[in-house]
2 protein chains.
Amino acid sequence: MATDTAAPDAGSTRGYVQPTIDVAALRRLLDGRYAEVRDLVRSNLAEHASVLEEAETLSTDDYRDRVRDLVVTMASTGQTGMGFPEAYGGGGDLGASIAAFETLAYGDLSVLVKVGVQFGLFGGAILQLGTQRHHDQYLADLISGRVMGCFAMTEVGHGSNVQALGTVATYDPDREEFVLTTPDPSARKDWIGNAARHAELAVVFAQLEVGGEAHGVHALVVPLRRDGEVLDGITIEDDGLKMGLNGVDNGRIGFDHVRVPRENLLDQFAQVTPDGRYESPIENANRRFFTMLGTLVQGRVCVGGAGINAAKVALAIAITYADRRRQFNATSEEQEELLLDYGLHQRRLLPLLARTYALHFAQEVVALELHEVFTQTDAPEEGENEHRRRELESLAAGTKALGTWHATRTIQECREACGGQGYRAVNRFAALKADTDVFTTFEGDNHVLLQLVAKGLLTDYAGEFEEMDQFGMVRFVAGLAVDTVIERTSVHKLLERVRDVLPGGDEWDQEAGLLDPDYQRMMLRFREEHMLSGVARRLKRGIDGGMDPGEVFSRVQDHVIAAAGAHVERQVLDAFVDKVATLEDGDAKVALNLLCDLFALSTIEADRAWFMEHGRMSAQRSKAISREVNDLCRKLRPLARDLVDAFGVPPEMLRSPELVG
Amino acid sequence: MATDTAAPDAGSTRGYVQPTIDVAALRRLLDGRYAEVRDLVRSNLAEHASVLEEAETLSTDDYRDRVRDLVVTMASTGQTGMGFPEAYGGGGDLGASIAAFETLAYGDLSVLVKVGVQFGLFGGAILQLGTQRHHDQYLADLISGRVMGCFAMTEVGHGSNVQALGTVATYDPDREEFVLTTPDPSARKDWIGNAARHAELAVVFAQLEVGGEAHGVHALVVPLRRDGEVLDGITIEDDGLKMGLNGVDNGRIGFDHVRVPRENLLDQFAQVTPDGRYESPIENANRRFFTMLGTLVQGRVCVGGAGINAAKVALAIAITYADRRRQFNATSEEQEELLLDYGLHQRRLLPLLARTYALHFAQEVVALELHEVFTQTDAPEEGENEHRRRELESLAAGTKALGTWHATRTIQECREACGGQGYRAVNRFAALKADTDVFTTFEGDNHVLLQLVAKGLLTDYAGEFEEMDQFGMVRFVAGLAVDTVIERTSVHKLLERVRDVLPGGDEWDQEAGLLDPDYQRMMLRFREEHMLSGVARRLKRGIDGGMDPGEVFSRVQDHVIAAAGAHVERQVLDAFVDKVATLEDGDAKVALNLLCDLFALSTIEADRAWFMEHGRMSAQRSKAISREVNDLCRKLRPLARDLVDAFGVPPEMLRSPELVG
């Protein structure tokens, strides 16, 4: 960036032939195996595009009802039920359901979130945590939207730390019922979508007490309303106006000795017999809890994908505008310069475009893995498969964190790149920004998610993995010799992979071509490995030095987060490189290679201080990378418009009549 | 940050005694000479605090009217007219008017912007560009709010490039009138605050044509409405719903042969005689234009200060919350940990707090300079004083850019640090975020402003300075030998200053204490000097290599922006260090020194890649700086609450009953 002290010469364009992009073909490549599903959602979005404007003009209540109606209408096209069994009217294809949800993020995001609440969270909990009885009773109605429900996990006092929830469900063997209670105001369920207005049912997470014994958090189906009236013992407050997503009726729920039949316990992983015996195939309470939570990983995969697609909308608007809008005379007196011909404007938008492509392909990998893990087996508690599930959870957590932060950053940069026009509601940035803002903190706060990723890496998803909170993790790592940590953990495998690809010699990273994908991957792997083993060493040293685990964790926390981020970025690059490798030679491959190079090098550039501090990059090489990033931006500039057109955002979703019209 | 590979040991706390903060005294220090004015605004804000909620509950029209009424009510307390001459009912103290405006940013920002439009832009244009006749006719009415007006500069097609405006004002000597015309849709005035609903008058910027000759952009007073009806020949469209600031009625204005009397030309810098002779004391048209624009510098100073104060509100909420909210068990099984005791949470919030203090003191310097320049003299066109005005414009542009970007970033980080709660409208982040978002692009797009700063530095505000666009600047710099550039420009003076303070020897920067303010200042000066001369060299090399100036500029643009940013950050640090130096020894000084160190070192840390690339920092030293930043965060953690309380944000303005109540 500013480090580029060389003359602005012609750059390394020797022998480079500008590729031509076949937009339709590239779109097919991006749409992948679920192109038809995505096109169904696109046409549903276009048909109901008026909701984008209604979000601004209707009263809050009317807007909420409009969103509910739209969700039910979309449900009737099959769009929202693809992940449920066909026997109940679903599509029987989890991957299709993820693709449909991601595409829905091109439109009004209240609709998206309402769909996520009803079919992903509420429906997903019934499907994954319930058994046949619950499926028979609820699935057909919820898939059609005849019955609306909510997912009542988060409380006022506990968002991220779900194990510490305060709501209690006590079993009463005399009446064979559970009694739900909110012991204090901080235990009220909060932010519960569908609660303030539309839900008849809720899946409620509560501390289960049977025969005076506590068994940890479990889920139960609890009726909230009948004929629109809130039932006795239940109080619901409206969460009121929010920054965005005001088409979703979030609310707070309190329970005052609310009774539900024993059968309402979602009993896939634990049962309570009529006479009050607690039984579970998973002995350890913590492990059981995390196994339950693990089945809900789909929500994170969905939110990550939605964030990435919201970023595409912003880029489609900003890049189209920058390719039309002129400001200040430059090369000629007659005509002002196009914004996208300014080097700074390219620098602001094109690395974000490259990262969007990278995250798109990473998301494709997560979604496919989710589909396979959940489709191939019904026995999540067994060995090899369990390990795979833990890795999937980690992959989903990391992609969600990076994808949603990317959305926040990209939408902001695109809005600023459109100047004052970006501030008008009609130009979509207002809604995009306000609605996506919460993506970084819901379905798991991004920092907490990255801690989860780090914990998995440092313990290699050890048997004890699920039972550990972050301080347990500190103690676990500290209890091993550092070498053992390196050997036992994922770091070890990573090092082996690094060695596999090293061209040999200590100077490899100074000599390799910057555009060599092996070089780029090795840089990201080296960073990941070094950061992870550094974390392990610091944790151990802290504990060995007699420091309290909480204090140790607090001091190493930013290092933990950075290591996890490095891991996920490496996975994202791998996904991009692997994808490009599958393509036949041709212009599309050339263009995607440019994007992949730009993603890799701008990622390395952003952390170049770290690479220099750790002896993996000379000052000279660092400057060369910045120059290469500039070169890549210039090469991509003429392709930028086609590259955003290939996202296939329906024109109706862009609105912005004066920016892109 | 992640580079800290040392054990999390006790850190360098040898001999350090925790200071105690006298909140009231620190608040007096921050309030400075205008403490009384700030308190008047605070009590006005508290009295009318209901507007924060009304912003959410009223219809757009009602909210706009409510804001207008509130502005008029505040005007009656003298709060908004402090910068106008006493003869017309003003306060005769420009500095007081800046202080009042800044403090107003603690409250509803539509009120702030409406005040800015009416008294800063519209009133400021009448005062600065008009003469006695205009003052007599308009000032008393506009100061009281009896007459509302707008400032019609920006057009659909031209925001940043004001010289290229399309609106035309042709002089008709027969009727001694100007005829205003909007030649095409892109020349419609756009984003004009007060236009859609409340303004009776507008100051309109148009290309002046007299006797067939074009004289560039001038300002005229144009009536828009009478008794609420839009006048003939004028069309006004509502800009509609915006991301935020919906209490301000922005509109688009078109003129179809609208006639105004000759006397309506604001003729401080140019007159047209009845028979149609154009006269101006400033011969060069470009220079005249920039002299006119220069008188409006106050608006940028105000927006910068408002951004900084909006950031204070966000920090006050997030830090108070983090000092109360617990999540996850750490050091004890009974009680969860306070968010602010997590290292990462400190890292996220405390450097932003330090930067807020730094920008506060930098803003104090700009505001004082503005006050002095505009109070001491009425002859802006003369030599020494002219140079001082150009430097003030540059200082104001730079502080506005850094202050408003800081607001965007700080509000976002604070909102995320409050988790889901940050998303509720009642907790203020929704409004803070949406309302301040446009600060980075209005009153000058931040990137364009930093280009202005760089141009001033590279040309040392040469006589030709105002006449140059960015490409003119490229040609100017390229026309000199590089040594001449360095010698003629501000870079030269800077180098001398660097030499003055260098402890001597080439190793000074490796040996000096990290907490030595001389070290910190030298690092920022070195960066500034190096970047600026680098820009000069690259511009020259590009032109000498036969490249088109537009292409040269495009390629060097990010370097130009970075150099300007480095310059402004150095000025900010200087302001902070200078301020602390004036304090008597004591706890307040200790605390502010910690903040100043944290600002300086986190600024250097953020650009540590650059320092390493340019041989001014070893990898070891870079890591030591990150460790020191962590240490400083830990030292400031117990003081954080007091440090935000000292901002004196009225509790009513924080709302957030569950976060801070």
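**Note on a predicted two-chain model**

1. Start inside chain A. The side chains of A:Arg390 and A:Glu393 meet in a salt bridge, with 3.2 Å from N to O. The model is a predicted one, and that applies to every value below. Both residues sit in helix H11 of chain A, which covers residues 383–417. They are three residues apart there, so about one helical turn separates A:Arg390 from A:Glu393.

2. How many salt bridges does a search of the whole structure find? The total over all chains is 102. The pair A:Arg390 and A:Glu393 is a salt bridge within chain A. Others join the chains: between chain B and chain A the count is ten.

3. One salt bridge across the contact can be looked up directly. The side chain of B:Arg608 meets that of A:Glu613, at 2.7 Å from N to O. Polar contacts can be listed as well. Between chain B and chain A, 43 residue pairs are in polar contact, both residues being at pLDDT 80 or more.

4. Next, the extent of the contact. Chain B puts in 99 residues and chain A puts in 100 residues. The size of an interface is often given as the accessible area lost when the parts come together. Here the area buried between chain B and chain A is about 8200 Å². Carbon and sulfur atoms give 53% of that area.

5. Do the copies meet through the same surface or through different ones? Of the interface residues of chain B, 100% are also interface residues in chain A, so the surface is the same on both copies.

6. How are the two chains related?

7. Now a sheet in chain A. Three strands form an open sheet, in the order E4-E10-E9. The pairing is antiparallel. The edges are strand E4 (189–192) and strand E9 (234–238) of chain A, and each pairs on one side only. On average, neighbouring strands are turned by 25 degrees against each other, direction ignored.

8. E9(A) pairs with strand E10 of chain A, residues 251–255, over five bridges in the antiparallel sense. Which residue of E10(A) stands opposite A:Asp238? The residue there is A:Gly251.

9. Chain B has an open sheet too. Its three strands come in the order E4-E10-E9, with antiparallel pairing. Strand E4 (189–192) and strand E9 (234–238) of chain B are the edge strands, each pairing on one side only. The twist from one strand to the next averages 25 degrees.

10. Last, the pairing of E9(B). Its partner here is strand E10 of chain B, residues 251–255, in the antiparallel sense and over five bridges. One point to check is B:Glu237, whose bridge partner in E10(B) is B:Arg252.

Methods
Residues are numbered from 1 along each chain as its sequence is written. Chains are lettered from A and ligands numbered from 1 in the order in which they are written. This is a predicted model: local features need pLDDT of at least 70, side-chain atom pairs count only at pLDDT 80 or more; totals for chains, interfaces and linings use all residues. Side-chain values use heavy atoms; hydrogens and water are left out. Two strands pair if DSSP finds at least two bridges between them. Helices (H or I, at least four residues) and strands (E, at least two) are DSSP runs, numbered from the N terminus. Axes are lines fitted to C-alpha atoms, for helices over the stretch in contact, and angles run from 0 to 180 degrees between N-to-C directions. Contact means heavy atoms within 4.5 Å. Buried area is the accessible area (1.4 Å probe) that two parts lose on being put together, summed over both. A salt bridge is a side-chain nitrogen of Lys or Arg within 4 Å of a carboxyl oxygen of Asp or Glu. A polar contact is a pair of N or O atoms within 3.5 Å; within protein, one must be able to donate a hydrogen and the other to accept it, and residues adjacent in sequence count only if both atoms are side-chain atoms.
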